[in-house]
Amino acid sequence: MKAGDIKKILIAGAGTMGQSIGLSCVTSGYAVVLYDIKDEILAKARENMTKKIDKMAASGAIPKEKAESFKNNIAMMTDLAAAGADVDLVSESILEDPKIKGDFFEKLNKVCPERTIFTTNTSSLVPSMFAEKTGRSDRFLAFHFHPGFKLVDVMGHPGTSPEAVETVRRFSELIGHSPIVLKQEKAGYVFN
């Protein structure tokens, strides 16, 4: 898959990072599915994201006439099978625990299309710690966003294909971020 083929992104984890990543994606013209385990978390995320889109429109950061379509292009789901059914890229921002992440990706592998690239926004773990559990280790890598900056780390593990790294690197540019591509795994990445 090439970056230009990506149309729909699943953001797993509706906390601060998930909301921020979702905003970057949706305001760049992508369909976003925000997944979390509780409806109340998603309701709060929708409220926050709606306010941020309104502020962005008021400040001229995004065209005012597109604000409503951006809001409508965010789906909120607690059903993992429905959330992953037709997505091209997954950005995961759940608990920083390799077992929890591995178990989550194992479930996700069963519901996402074969083409889907899996990424983790981990800031302290390395992808090889749970790559095997993803069922698609060649299409799994770290895609780590830095809060408050338009900067991302793109880091594969020894089994990540160069094509997947390039797709995610280019996608980061399409959503307005500057990528730093790491050639080997390193906990904490560059910026940290």
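Helix 6 (residues 162–174) has 13 residues and spans 18 Å from its first C-alpha to its last, close to the 18 Å expected at 1.5 Å a residue. The expected span is 1.5 Å times one less than the number of residues. This is a predicted model: local features need pLDDT of at least 70, side-chain atom pairs count only at pLDDT 80 or more, and totals for chains, interfaces and linings use all residues. Residues are numbered from 1 along each chain as its sequence is written, and side-chain values use heavy atoms, with hydrogens and water left out. Helices (H or I, at least four residues) and strands (E, at least two) are DSSP runs, numbered from the N terminus.

**Helix 6**

- Ala164, Val165, Thr167, Val168, Phe171 and Ser172 are buried in helix 6. Buried means under 20% relative accessible area, exposed over 50%, and partly exposed in between (1.4 Å probe, protein chains only).
- Seen down the axis, the buried residues of helix 6 fall within an arc of 165°, so they line one face of the helix. The arc is that of the directions from the helix axis to the C-beta atoms.
- Pro162 and Glu163 are exposed on the face of helix 6 turned away from its buried side.
- Gly176 follows helix 6 and has a positive phi, near 85°.

**Helix 2**

- Helix 2 (residues 39–59) has 21 residues and reaches 30 Å from its first C-alpha to its last, close to the 30 Å expected.
- Its buried residues are Leu42, Ala45, Met49, Ile53 and Ala57. They cover an arc of only 100° around the axis, which puts them on the same side of helix 2.
- An α-helix has 3.6 residues a turn, so residues three or four places apart point the same way.
- Glu40, Lys55, Ala58 and Ser59 are exposed on the other side of helix 2.

- Five of the five residues of strand 2 (residues 31–35) are buried, so the strand is largely enclosed by the rest of the structure.
- Ala31, Val33 and Tyr35 are buried on one side of strand 2, and Val32 and Leu34 on the other.
- Strand 1 (residues 8–12) and strand 2 run parallel, joined by five bridges. Two strands pair if DSSP finds at least two bridges between them.
- From strand 1, the chain passes through helix 1 (residues 16–26) to strand 2 in a right-handed β-α-β crossover. Right-handed means that, with the strands pointing away from the viewer, the path from the first strand over the helix to the second runs clockwise.
- Strand 2 also pairs with strand 3 (residues 74–77), in the parallel sense, over four bridges. Here Leu34 stands opposite Met76.

**Strand 7 and its partners**

- Five of the five residues of strand 7 (residues 151–155) are buried.
- Strand 6 (residues 140–145) runs antiparallel to strand 7, with four bridges. The two form a hairpin with five residues between them.
- Strand 8 (residues 178–182) runs parallel to strand 7, with five bridges. The crossover from strand 7 through helix 6 to strand 8 is right-handed.

**Aromatic rings**

- There are nine aromatic pairs. Rings of Phe, Tyr and Trp (its six-membered ring) pair if their centres lie within 6.5 Å; planes under 30 degrees apart count as stacked, over 60 as edge-to-face and the rest as tilted.
- The rings of Tyr30 and Phe171 have centres 5.1 Å apart and planes at 70°, so the pair is edge-to-face. Tyr30 and Phe171 are 141 residues apart in the chain, and both are buried.
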